[in-house]
Amino acid sequence: MIKNIVLDMGNVLLDYNPQVPLDLFCRNKEEKEAIYRELFCGPEWVQGDLGTITNDERYESVRRRIPSQMHPALKRCVYEWAICMKPVFGAREFCGWAKDNGYRLYVLSNASDEFYQYFPEFLPLDYFDGIVVSSDLHMIKPDAGIYRHLLQTYHLIPEECLFIDDRAENVEGAKKEGMAGVVFDGNFEEIKDACNNG
């Protein structure tokens, strides 16, 4: 029986959409394409999630790969990208439903330490029964270790956990550790049914 709901953060609870800062801060299509490629798809983004690079180091590293006239837009995208992190439709309501129905709620997120700045605007950290952020552990989903850390830290029985993530490979990682899993695509109502039938 499902007793614990484990939620990814990006594109499950908050809308991670790099296009928002790119549209706001870049002057033209060329800037948008270069900064998207080098910042949001570059190695520094994963290094941030791993907690092995600071925001200042990320900026200094990426700026070496793009023309100097793009540096102002890059700086704003590096330091203000979280402007896109608005609640996913139905996310707060789903969390409230889960609480009201006696489920314990956990967050398991690949994120840099900036998580602690923007996430509380969604819901207070102590609203959740536990939170695991990849940058604190220097490992990211779908590394088996990050799921095991969650389970061991909060003394969870895998078979009593439902893991929800928008990336199939992360859901598969949870399933390998014994949890049930659902790939999220806006399907909160289906997930409620899965919980009730679990």
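Two rings of Phe, Tyr or Trp (for Trp, the six-membered ring) count as a pair when their centres lie within 6.5 Å; planes under 30 degrees apart make the pair stacked, over 60 edge-to-face, and the rest tilted. This is a predicted model, where local features need pLDDT of at least 70, side-chain atom pairs count only at pLDDT 80 or more, and totals for chains, interfaces and linings use all residues. Residues are numbered from 1 along each chain as its sequence is written, and side-chain values use heavy atoms, with hydrogens and water left out.

Start by selecting Tyr16, Tyr36, Phe40, Trp45, Trp81, Phe115, Tyr116, Tyr118, Phe119, Phe122, Tyr127 and Phe128: together they form one aromatic cluster. The pairing rule gives 19 aromatic pairs.

Next, pick out Tyr16 and Trp81. Their ring centres are 5.9 Å apart and the planes meet at 80°, so this pair is edge-to-face. Tyr16 and Trp81 are 65 residues apart, and the pair links distant parts of the chain. Colour by accessibility here (buried is under 20% relative accessible area, exposed over 50%, partly exposed in between, with a 1.4 Å probe and protein chains only). Tyr16 is partly exposed at 24%, while Trp81 is buried at 4%.

Now move to Phe115 and Tyr116, whose centres lie 5.3 Å apart with planes at 80°, so they too are edge-to-face. Phe115 is buried, at 0%; Tyr116 is partly exposed, at 34%.

Last stop: charges over rings (NZ of Lys or CZ of Arg within 6 Å of the ring centre and within 35 degrees of the ring normal). Select Arg58 to find it over the face of Trp45, 4.3 Å from the ring centre. Then try Lys99, over the face of Tyr127 at 4.7 Å from the ring centre.

Technical notes
Helix = DSSP H or I, 4+ residues; strand = E, 2+ residues; numbered from the N terminus.
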